[in-house]
Amino acid sequence: MKVRHFLILAVFILLGVAWWVTRDREGSHSAQARHSIPDPRTDGNLQTGNDENSARGQQLGSRAMQDEMTQLLARAVVVMRGGQRLEIEQILARLDEMFGNQQGNTDAAITAIVEFLRSKQDAPTGQGFIVGKAGVLAEATTLRVYLMDQLGTLSRNTDGAQALAIARETLGDFGSADEWAISMRNVAWLDPASREFLQNRVSAMLQHPAWRTSPTTGMLEAFDIIVHTGAVESVPELDRLISAPASPLARASGVALDRLAANHALELTSLLNQQPELLAAIPLKRASLFAHANLGQIEQREQLENYILRADVDVRERRKFFDSLVQSGRFVSHNLMTPYVPPETPAQAAIRLETLTRTVNQWLRDERFRAFNDELSTLGNNVNRIIDEIAADSK
């Protein structure tokens, strides 16, 4: 009897153990399922958290980059004020590398530059003001000029608001002519509607007494803004400056007039015909400017014909004009704003001279130019000689 009771009790104990094991296993699977299956109520929150962490990481990365740039700029001030050429070249190379390799941290670079410029710190680089390809400086005279150049370049792919603000602030007072030059370029780059503003600033630059007395290279390069904006309004001032004896402003004015004639021929020739007193003191220069007009365009050709027939244009000036039509020269250089134009190719010269030949033949048959027949015949012979030389060289 006792044995039977013992067996029954053992059976119940075994059944209980089995039930507890089974329940624990099911509970374990259920817990695993809760961890492995996303809860729709929390999954979006987890993703948002990841995005926030990523954005926070990017902000920290940008901040670290900005801090690194700020420290390097502080070091650059110390090095440049020390005046050791090799050390200055090394620190500039490090700055070039940092600003040229942003990897998405353009905003950090712009912020670091703007903060430095607003601090009004500066130091000389010991270099010149040299314009390289596409208007970017190959050398800058001071750290501020260097950074303004970098700021303009970096800002061309952004809204440019900070760079424009710095440029307009700089152009608000007569601090540095070199800074004005690069600031006008930055405004031209970043604000397509800035023509009137730039013409106003160029006029102020040309009339500033201290800068006229001791013009910097940056100021001389800034004459290209006149060409970029087509500011024929500046011609009277250029006329006065070009007559200044032994002044670098005279050469800069002559280059600006020449390139203004090449880029805005109709506007310039029209002005010079309307105001014949302009450039009257340098008639041979005036003749070379008219020679830049395109004879293939009716309006420009009409301006040339009006010029030839003017009573104040004497034989010497007219001959200079005809000679310049044959040998069309132009300044070749890298400029702050206007594009680099390579020298005329033989093929381009052939097309230009062919147009000139047709024009001269038409003038020889025109009663208005009968008094100049001998000069025009000489011009025709010179054109034919040049055409023959080009043809011989091309064989």
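## Aromatic pairs and helix packing

F321 is buried, with a relative accessible area of 0%. Y307 is likewise buried, and its relative accessible area is 0%. Both values come from a predicted model.

The structure holds seven aromatic pairs. Two of them are set out in the table, since a pair of aromatic rings is described by the distance of the centres and the angle of the planes.

| Pair | Geometry | Centre to centre | Angle between planes |
|---|---|---|---|
| Y307 and F321 | edge-to-face | 5.3 Å | 75° |
| W363 and F369 | tilted | 5.6 Å | 45° |

Y307 belongs to helix α16 (residues 298–308) and F321 to helix α17 (residues 315–326), so their pair ties together parts that are 14 residues apart in sequence. In the tilted pair, both W363 and F369 are buried.

W189 has charged groups over its ring. The charged end of R185 sits 3.8 Å from the ring centre, and that of R156 sits 3.9 Å from the ring centre.

Helix α7 contains S183, which is buried at a relative accessible area of 2%. The S183 side chain reaches the backbone oxygen of E179 at 2.8 Å. Beyond its neighbours within four places in sequence, S183 is in contact with M148, A167, T170 and L171.

Helix α8 (residues 195–207) has 13 residues and spans 19 Å from first to last C-alpha, close to the 18 Å expected at 1.5 Å a residue. Its buried residues are L198, Q199, R201, V202, A204, M205 and L206. The buried residues of α8 pack against α7 (177–190), α9 (209–213), α10 (217–221), α11 (224–229) and α12 (235–242).

Notes
Residues are numbered from 1 along each chain as its sequence is written. This is a predicted model: local features need pLDDT of at least 70, side-chain atom pairs count only at pLDDT 80 or more; totals for chains, interfaces and linings use all residues. Side-chain values use heavy atoms; hydrogens and water are left out. Helices (H or I, at least four residues) and strands (E, at least two) are DSSP runs, numbered from the N terminus. The expected span of a helix is 1.5 Å times one less than its number of residues. Buried means under 20% relative accessible area, exposed over 50%, partly exposed in between (1.4 Å probe, protein chains only). Contact means heavy atoms within 4.5 Å. A polar contact is a pair of N or O atoms within 3.5 Å; within protein, one must be able to donate a hydrogen and the other to accept it, and residues adjacent in sequence count only if both atoms are side-chain atoms. Rings of Phe, Tyr and Trp (its six-membered ring) pair if their centres lie within 6.5 Å; planes under 30 degrees apart count as stacked, over 60 as edge-to-face and the rest as tilted. A charge sits over a ring if NZ of Lys or CZ of Arg is within 6 Å of the ring centre and within 35 degrees of the ring normal.
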